[in-house]
Structures are given as structure tokens and as C-alpha cells.
Amino acid sequence: MNIIFKIILSLFLSFCCINLAIGGNWNKSQKKGVDQGKIYKDEDWSHSFYANAGFPSNSKDKWNARWLEEDKNRFLRFRLFNGQIGTSRSDNKRRNRAPYWERAELAIKKSYNISYYKAYEIEFKVRFVKGFTNYRETFFQYHNSVKGCVTSKRPPIMLKFQDNILYMFYALNKDSANHLTFYPEINVTNIYNKWVKFKLIVTPTKFQDVYKGGLDIVLFYDDEELWSQSMIWTSKCGKPLIKFGIYRPGNEKEVLETSIIDYDYIKIKEIKN
């Protein structure tokens, strides 16, 4: 009887230790996103977007996405707090030099016939309210929605702020890391609480094979051309997934500043060649 009791006690203590270990690592456990799949659309948006992965939180103090109104103008605000690990499958995994990834963003509905073979003009207004002073904070992605496609883990285009400065990241090829171009004249702290406009002209170049071909991009900031690049890499098997919000690497050594951003007037239109 004593032997049986000791075995039961040992199993019970082991079970408790496992639960305590999981509890101590609660912030890194994968969880279902808040409002996952919820549709977002405004009268001055050309397309609907949805919370493809959902959000980390909807608590009173740390909600991540909410409609607000100012001077009868409706806009969507995103907030991201330190330690809010995103709810995409890979967000709680160590990758790309980060222990985990924090995320609060929307993606365009996949039912739209957006294609790498078509040309588009993408325009949106944005207001940086706070933050974006951390490392690699992305606020716009021209990504890929086809799982298993060779480019699915490498967005052709990413707009972000890094150490306060605007950066454009773009893919070189399927193996190389995204190349970057930066613009020190656009410091996020100088445009806090000001509405600014970004516009991208995205045009397909000739697809030579699955590893080449791609996109020609022209970027405008407040109606002035800021940058252009030809032959940005993408893949034939891909399909564009336009995303916006806040996406950034987590940090186990420092407390990241809260980032807040507003979006308005989102227009995507096909350009006929």
C-alpha cells in the first residue's frame, strides 16, 4: 500500500510541476486570437479587411483595434503593448533574431482577385500617435497568401520604422534577406499626431521563372515620389496579401514602448496597362 501511495504521490507532484512550468510561461503559449475573422470596412475604404489571426487582447486597458471618431471622421486605431505576442502560428516561436513576435494587424479578404500579374495603386492615410521607436516595426506589408509557395515567408514589400527612421524592405530573391532602403528625413517623432499619406504604384515585371520576375514599385509620401525599384522578387505561385497594422519583434531584455497608429482612407485600385 505504501508503495502505491508513493507512486500516486509522485505522479501528482510531477503533474503539479508541469502545470507550474506551463503557468510560468503563459505569455508564450499559443492562444486563439481575439475577434479572429472579424471584418473591418469603412465608407472611404475600397476593400474589406479582416482580422486573419485575431488580436492578442480585448481587455479594457490593452485592447488592440478599435474604431474611433474625430470631427465626424471615422478611423481605425491600433495599439500594441510590450509582450503582446501575436496569435499567428509562428508568432510565439524564436525566429529572425527575435524570441517571439508581437502583432495587431488586418489583411485584405482573400476573395478579392488581387494578383501579382496586375498593376495596382494603393493609397492610405496614416497617423502615428505614439511609439514606432523600437526595432523593425512594420505598418504595411505587400505579402503573399499562398501557403507552401516559395515566397510565402518573404514579403516582397514591407514599410516600417526602425529606430525612428522610415525603412522600405524588399525581397531580393527566395534565399536572401530583404534588402532595405532608409529615409532619415522621415523621423516618426517629427510626424506624431499628423495625418500623412502613403501611395504605392505596384506593377508586374516579366516573370522569367519561379525564382525571378516580380514587381516594379514606386513609393510616394505626401504626394512626392520617395523611392522606386524594379524587379523586386516574388514567385509565380504567390497571390498578394495586403496587410496593415503593427507587427514587430519582441524583446526579452527590454520593455518595448507602446505603439499607437491610426488608419483612414484606404484605396486599392487596379491600373489598366
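Which strand does serine 259 lie in? Serine 259 belongs to strand β15, which covers residues 259–271. Keep in mind that this is a predicted model.

Let's start with the surroundings of this serine. Serine 259 is buried, at a relative accessible area of 0%. Its side chain makes a polar contact of 2.8 Å with the side chain of glutamate 137. Leaving aside residues up to four places away in sequence, serine 259 also touches several others, including Phe78, Arg79, Leu80 and Arg248.

Now to the charged pairs. Side chains of opposite charge can pair when their charged atoms come close. The structure holds 15 salt bridges, and the table shows some of them.

| Aspartate 262 | Arginine 77 | 2.7 Å |

Aspartate 262 is buried at 0% relative accessible area, and arginine 77 is buried at 18%. By contrast, glutamate 252 is partly exposed at 47%, while arginine 94 is exposed at 61%. Aspartate 91 is buried, and a network of salt bridges links Asp91, Arg95, Arg103, Glu105 and Lys243.

Finally, a look at strand β11 (residues 195–204). Eight of its 10 residues are buried, so β11 is largely enclosed by the rest of the structure. Strand β11 pairs with β6 (residues 119–130) in the antiparallel sense over eight bridges, and phenylalanine 198 is the bridge partner of phenylalanine 124. Seven bridges join β11 to β12 (residues 215–221), also antiparallel, with leucine 200 opposite leucine 219.

How values were computed. Residues are numbered from 1 along each chain as its sequence is written. This is a predicted model: local features need pLDDT of at least 70, side-chain atom pairs count only at pLDDT 80 or more; totals for chains, interfaces and linings use all residues. Side-chain values use heavy atoms; hydrogens and water are left out. Buried means under 20% relative accessible area, exposed over 50%, partly exposed in between (1.4 Å probe, protein chains only). Helices (H or I, at least four residues) and strands (E, at least two) are DSSP runs, numbered from the N terminus. Two strands pair if DSSP finds at least two bridges between them. A polar contact is a pair of N or O atoms within 3.5 Å; within protein, one must be able to donate a hydrogen and the other to accept it, and residues adjacent in sequence count only if both atoms are side-chain atoms. Contact means heavy atoms within 4.5 Å. A salt bridge is a side-chain nitrogen of Lys or Arg within 4 Å of a carboxyl oxygen of Asp or Glu.
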